[in-house]
Amino acid sequence: MNNLPEPVRVVQLPDGTPAYTDHLPATYQPTNTAPQVIHVHQAPPDRTVQRLTLGAGVGAGAVAAGVYFGPLLVGVLTAIAANLALLALVAAVCAWGVVTVVKSVSDTKTARKRR
């Protein structure tokens with residue numbers, strides 16, 4: 001009961017360029033296998049970022065950390081932005097209230113002086 005996918009290998013296309021077996025051109029079919037039909041919902045995920053980072057010398061632990069902490073970082077930054085927006089709204093309402101009270105008090109004082 002082996003549910004693991006076959007490992008990704010590098011093959012050489014007829015024009016001499018290397019390609020990963022999970023990203024072969026539609027016109028290329030290896031001679032030793034039958035055509036394979038892959039439905040969209042069964043297609044493997046795009047591994048471009050992982051290949052670039054691993055090819056650049058970054059370790060697999062760093063890739064795994066990026067996969068784990070990337071969405072976590074986005075969530076934290078979103079929460080911080082929401083808190084700052086709420087704080088700015090409270091500050092604006094407080095400033096408006098203070099300005100309104102100060103204008104009211106100063107208008108009352110000038111009205112008393114005119115009498």
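**Close-up views of a predicted chain**

View 1. Arg9 sits in the segment before strand E1 (10-12); strands (E, at least two residues) and helices (H or I, at least four) are DSSP runs, numbered from the N terminus. This is a predicted model, in which local features need pLDDT of at least 70 and side-chain atom pairs count only at pLDDT 80 or more, while totals for chains, interfaces and linings use all residues. Residues are numbered from 1 along each chain as its sequence is written, and side-chain values use heavy atoms, with hydrogens and water left out. Leaving aside residues up to four places away in sequence, Arg9 touches Ala19, Tyr20 and Thr21, where a contact means heavy atoms within 4.5 Å. From C-alpha to C-alpha, Arg9 and Asp22 are 8.0 Å apart in space, and they are 13 residues apart in sequence.

**View 2. The ring pair Tyr68 and Phe69.** Rings of Phe, Tyr and Trp (its six-membered ring) pair if their centres lie within 6.5 Å; planes under 30 degrees apart count as stacked, over 60 as edge-to-face and the rest as tilted. By this rule there is one aromatic pair. The centres of the Tyr68 and Phe69 rings are 4.8 Å apart and their planes stand at 85°, so the pair is edge-to-face. Phe69 is found in helix H2 (residues 60-114).

**View 3. The chain as a whole.** Stepping back, you can find two helices and two strands, which run β-β-α-α from the N terminus on. Buried residues make up 4% of the 115 residues. The accessible surface of the chain comes to about 10100 Å², and 67% of this belongs to carbon and sulfur atoms. The average pLDDT (the predictor's confidence in each residue, from 0 to 100) is 76, and 60% of the residues score at least 70. Where is confidence lowest, and where highest? Helix H1 (residues 48-55) has the lowest mean, 67, and H2 the highest, 88.

Definitions and conventions:
Buried means under 20% relative accessible area, exposed over 50%, partly exposed in between (1.4 Å probe, protein chains only). Accessible areas come from the Shrake-Rupley method with a 1.4 Å probe; for residues, only the protein chains shown count as cover.
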